[in-house]
Amino acid sequence: MGGLHWGKCATSRLLVNYAEPYRSQILDYLFKPNFGASLQILKVEIGGDAQTTDGTEPSHMHYENDENYFRGYEWWLMREAKKRNPNITLIGLPWAFPGWIGRGKNWPYDYPDITASYVVSWIIGAKQYHNLEIDYVGIWNERSFNSKYIKLLRYTLDKNGLERVKIIASDNLWEPITLFVLQDRELSEAVDVLGAHYPGTTTVPEALKTGKQLWSSEDYSTFNDDVGGGCWARILNQNYVNGQMTATISWNLVASYYQDLPFGRDGLMTAQEPWSGNYVVESPIWITAHTTQFTQPGWKYLQTVGHLAHGGSYVALTNQRGNLTIVIETMTHDHSVCIRPPLLPYTVTAQRATFCLKGSFASISELQVWHSKFDFKVKKPVYFQKLSPVKVSNGSFTLDLDVDEVYTVTTITTGLKGNYPEPPPSSPFPKIYKDDFKVRKYYFSEAPDFADQTGVFEYFINETDPGPHVYTLRQVVTQRPITWVADADQTISVIGDYKWQNVTVSCDLYMEEENGGGVFVAARVDKGGGSVRSARGIFFWVFADGTYKVTSDLSGQSVLAEGQSGTRANIWNTLTLSVKGDNAFGELNGHVLWKNAVGLVPKNGWAAIGTSSFQLAQFDNFAVQAE
């Protein structure tokens, strides 16, 4: 049966920083059965220290001799999901891998035994440290697969007593994985599920020929307004009606990342303001509920599914023990366009539809009815409303269907539209912000609100420092990862309000590299995500060779000022960058080092910290003041 969903690509970054009770409320809307979206699947990224759409997620093995199963937020997210729904299906998938896996090459398959044991160690760690049983594992998100590696992954899982963990391949297009599976019996035995991304509700004949379960293993990725809700309603039904796909997984779970990063608000709900506590339960949450609150994994789709005479679609599912759920959608073309692929024109008009129940369902006398109506005219939509039950007479019932509606008609009586009091009102990121990173016992390895875009910045206890810098934030990635997109050659973590123009950013910085050491503070940073290489802004760098420079780009090519700073490695320095209008100045340890006009730079953007290459460096006493 179809289930739904996930949290990859650094998309839940800001969620962990919400105060209670708001954080638990958000999690209830996502995972609590019979409350909100009641999600049946949670798919997470196996962090690989590299940029994967909206940030980097830390690996459990930064280095070959390093293992830590408490980094990042995915462990916490899976535990919270399981706490609410012990039956939720858990999936792990790598987007990227730490650099040591490739032995210097940007490729994970030259040493497939190393890659397989790395991935399996994550699955073992999930159980050992968090009592989480991972149900499925993928290969390499939207990148090449390798048949030898898939077979070796199956062998490595089995050797470690993980026969129950199933393999999904290849989280890309239907081809060429389908042809490989048809032609290679050993590969076919290793792969349990064929998972395609953004299939446009269709499959290919070869995929059906394999006899495997077919999933839309990543879909949606659409701005979560009402058209996004309409997209989700249409594909949840039609992925099965048109493509026989029995699971649909939304990217992403919850929009908990700065909205000006790529694909802002492409989540089932929005929770991007931990500083205010504001969150928004968007329409996709209630559209999900139409399916998930009235079915469970293991339910079977009936073959009598299809398109309605005047447009729209219906699916029917049963638990094969007498329960029946029918989900109907009548979304019009313009009110259900997804971000991809293009949607061919079609028409839907109001209609009266009669459904006939046969066989074991003929004795049903009434069905519960849940209804959503999108309203694009006067903007008064209704989501997930319980209507009076419909009477079934002589095995049939009739519904009058308007356009842009979703109905669930079911024998299940436990549906509920959960709700909490309104959260606090929305407000911008605070104009005055400080973090001294003094966290003696940390639950999360990352400092609040920092969004790493290349590299990984973690809390660090500097036990050799007797002075004021025992508790710091440290950049820990020391070689370029096996990337998923084009990570920068520098490391960078952004923070704050993208609208900020006039700001003062200060931070204590400590270079650990004597040869090639370099660190920066920045303002007005205009890009993150997959575009981070071309990020512009105002970057104030100091280097271990005793020099400084000011550039308008992260790559350090467009130099606005440069000179001697006297800075060295293994000494703390305080950098302050002040930007107002077209003017900026920089201070080193309280003394002005440079003043400059900065005309050709972005007018606004985030504050940031980072390093000049993949190198160890520490940061302390970060502060920003915006006008």
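Seven nonpolar, four polar and four charged residues make up the lining of the second largest pocket. Here Ala, Val, Leu, Ile, Met, Phe, Trp, Tyr, Cys and Pro count as nonpolar, Asp, Glu, Lys and Arg as charged, and the others, Gly among them, as polar. The model is a predicted one, so local features need pLDDT of at least 70 and side-chain atom pairs count only at pLDDT 80 or more, while totals for chains, interfaces and linings use all residues. Residues are numbered from 1 along each chain as its sequence is written, and side-chain values use heavy atoms, with hydrogens and water left out.

Back to that pocket: its volume is about 310 Å³. Of its 15 lining residues, Gln-259, Asp-260, Trp-275, Asp-497 and Lys-499 are the closest to the centre. For the grid details, a pocket is an open set of points on a 1 Å grid over the protein atoms alone, with protein on both sides within 12 Å along at least five of seven lines; a cavity is a set where a 1.4 Å probe fits but cannot get out, and lining residues have an atom within 4 Å of a point. Points are joined across faces, edges and corners, and a volume is the space filled by probe spheres set on them.

The largest cavity has a volume of about 110 Å³, and of the 13 residues lining it, Gly-47, Pro-58, Arg-71, Glu-74 and Trp-75 are the closest to its centre. Its lining divides into four nonpolar, five polar and four charged residues.

Glu-74 and Trp-75 show up again in helix 2, where both are buried. Buried means under 20% relative accessible area, exposed over 50%, and partly exposed in between (1.4 Å probe, protein chains only). Helices (H or I, at least four residues) and strands (E, at least two) are DSSP runs, numbered from the N terminus.

How does helix 2 sit against helix 3 (residues 112-130)? The two pack at about 60 degrees, with their axes 12 Å apart. That angle makes helix 2 oblique to helix 3. Axes are lines fitted to C-alpha atoms, for helices over the stretch in contact, and angles run from 0 to 180 degrees between N-to-C directions; under 35 degrees is roughly parallel, over 145 roughly antiparallel, 65 to 115 roughly perpendicular and the rest oblique.

Next, some backbone spots to look at.

| Site | Feature | Value |
|---|---|---|
| Trp-251 to Asn-252 | cis peptide bond | omega near 5 degrees |
| Arg-340 to Pro-341 | cis peptide bond | omega about -15 degrees |
| Asp-171 | positive phi, not a glycine | about 50 degrees |
| Arg-265 | positive phi, not a glycine | near 65 degrees |

Asn-252 is in the loop between strand 8 (247-251) and strand 9 (270-273), and Arg-265 is also in the loop between strand 8 and strand 9. Pro-341 is in the loop between strand 14 (324-329) and strand 15 (351-356). Asp-171 belongs to strand 5 (residues 166-172) and counts as buried because its relative accessibility is 0%.

Finally, Asp-54 is in the loop between strand 2 (41-46) and helix 2. Asp-54 is buried, at 2% relative accessible area. Asp-54 and Ala-10 are 44 residues apart in sequence, yet 5.5 Å apart in space, C-alpha to C-alpha.
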